[in-house]
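User: I am new to this structure. Please walk me through the terms as we meet them.

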Amino acid sequence: MSTSKATLIIFFVILCNFSVQVVSVVEDCGAEENDGCTDKKKALPLKIIAIVTILISSIIGVCLPLVSQSIPALSPERSLFVIVKAFAAGIILATGFMHVLPDSFDMLSSACLKENPWHKFPFTGFVAMLSAIVTLIIDSMATSVYSKKHNSGVVKPESGDELDELPVVVQAGGTGGHSHSHGHHHGGKLAVEGAQLLRYRVIAMVLELGIIVHSIVIGLSLGASNNTCSIKGLIAALCFHQMFEGMGLGGCILQAEYKFIKKAAMAFFFSVTTPFGIALGLALSSTYKENSPRSLITVGLLNASSAGLLIYMALVDLLAADFMGPKLQGSIKLQIKSYIAVLLGAGGMSLMAKWA
């Protein structure tokens, strides 16, 4: 898992270094024009409110699936969990297509950037495509590497009854034929469940990293902005966004069957990234200019990378994996409910693009 996280971090660092190098070819676009909404003193309390409300929304969103174990109707084996997860996957998909990707297009096609190369080549689409391919490579290689660490390919849950995780011991004796048959069947079941558990863990790790990068970027933009008109709309939109995106991530963490400490750590990092980004934007507000070439290129490239990652994860690891899985394939009625949930999640998040 650490290998996949390190590779993704290196990928984003390379993008940042690239943006720093190419920024020397463009000139500063100047300060933002005052349109009557820019007020640093009035923006400060709004940013503090944003930190608190977004933090609470993030905690609620990511923790809801984790505490659902005590609610039978919301357990991963029940249909309601699948429907809620489909709704959250729609949120993540719309985040990539309707929020992050358009922002990157706007930034990298800004008039503040030189005509050559930024207006001559579609960098947003190119970087998003590369990001999706890199995510696929990491997804595949992380699964292979992590599988080889477990001799039989069976990944044991980090919680639960250890007796259920142990393979059946084949005893020699009069009932040896029966024991061998039972042990072989049980071992095969463990192998299938272990392979699925492995996928859940890879998905949870890669998805968390992608969400964290994108959350820091949107937090930084909000924290550095002094436009009170846009901040008010952003607070409501980001609370909605973080809550339901957290539900999607929380569902993946729950299915990964981590120990309590690891679940708590992943939930914590997701919850604090956007507030941390806002605080960082506040600290850099005197030097960070969102329409300067350096900021436009850096944030634009990071947004494009995040969009590619989020779109890939939503379509391949969340939606396709569930809709092509045995549970949904075995019930047309559940499929229709899940399709509706995806459309509602994606539609709701798309509507938020009007304000954020």
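User: How many residues does the largest nonpolar core have, and which have the most contacts inside it?

Analyst: This is a predicted model, where local features need pLDDT of at least 70, side-chain atom pairs count only at pLDDT 80 or more, and totals for chains, interfaces and linings use all residues. Residues are numbered from 1 along each chain as its sequence is written, and side-chain values use heavy atoms, with hydrogens and water left out. The largest nonpolar core has 55 residues. Those with the most contacts inside it are Leu207, Ile253, Tyr258, Met313 and Leu318.

User: What makes a set of residues a nonpolar core?

Analyst: The members are buried Ala, Val, Leu, Ile, Met, Phe, Trp, Tyr and Cys residues, joined through side-chain atoms within 4.5 Å. Buried means under 20% relative accessible area, exposed means over 50%, and partly exposed lies in between (1.4 Å probe, protein chains only).

User: Which residues is Met313 in contact with, leaving aside its neighbours within four places in sequence?

Analyst: Thr135, Ile203, Val206, Leu207 and Leu318. Contact means heavy atoms within 4.5 Å. Apart from this core lies another, of 17 residues, among them Val217 and Tyr288.

User: How do you know that the span of helix 5 is close to the expected one?

Analyst: The expected span is 1.5 Å times one less than the number of residues. Helix 5 has 26 residues and reaches 37 Å from its first C-alpha to its last, against 38 Å expected.

User: Why is the Arg199 and Asp139 pair called a salt bridge?

Analyst: A salt bridge needs a side-chain nitrogen of Lys or Arg within 4 Å of a carboxyl oxygen of Asp or Glu. The closest N and O atoms of Arg199 and Asp139 are 3.1 Å apart, so the pair qualifies. Arg199 lies in helix 7 and Asp139 in helix 5, so the pair ties together parts that are 60 residues apart in sequence. Arg199 is partly exposed, at 24% relative accessibility.

User: What other salt bridge does Asp317 form with Arg199, and how many salt bridges does the structure hold?

Analyst: The closest N and O atoms of Asp317 and Arg199 are 2.9 Å apart. Asp317 is in helix 10 and Arg199 in helix 7, 118 residues apart. Asp317 counts as buried, at 4% relative accessibility. The structure holds 3 salt bridges. One of them joins Lys85 and Asp322, with the closest N and O atoms 3.4 Å apart.

User: What makes the phi of Glu257 worth noting?

Analyst: Phi of Glu257 is near 55°, a positive value in a residue other than glycine. Most residues other than glycine have a negative phi, and most peptide bonds are trans. Glu257 sits in the loop between helix 8 and helix 9.

User: Which residues does a cis peptide bond join?

Analyst: Asn116 and Pro117, with omega about 15°. Pro117 is found in helix 4.

How values were computed: Helix = DSSP H or I, 4+ residues; strand = E, 2+ residues; numbered from the N terminus.
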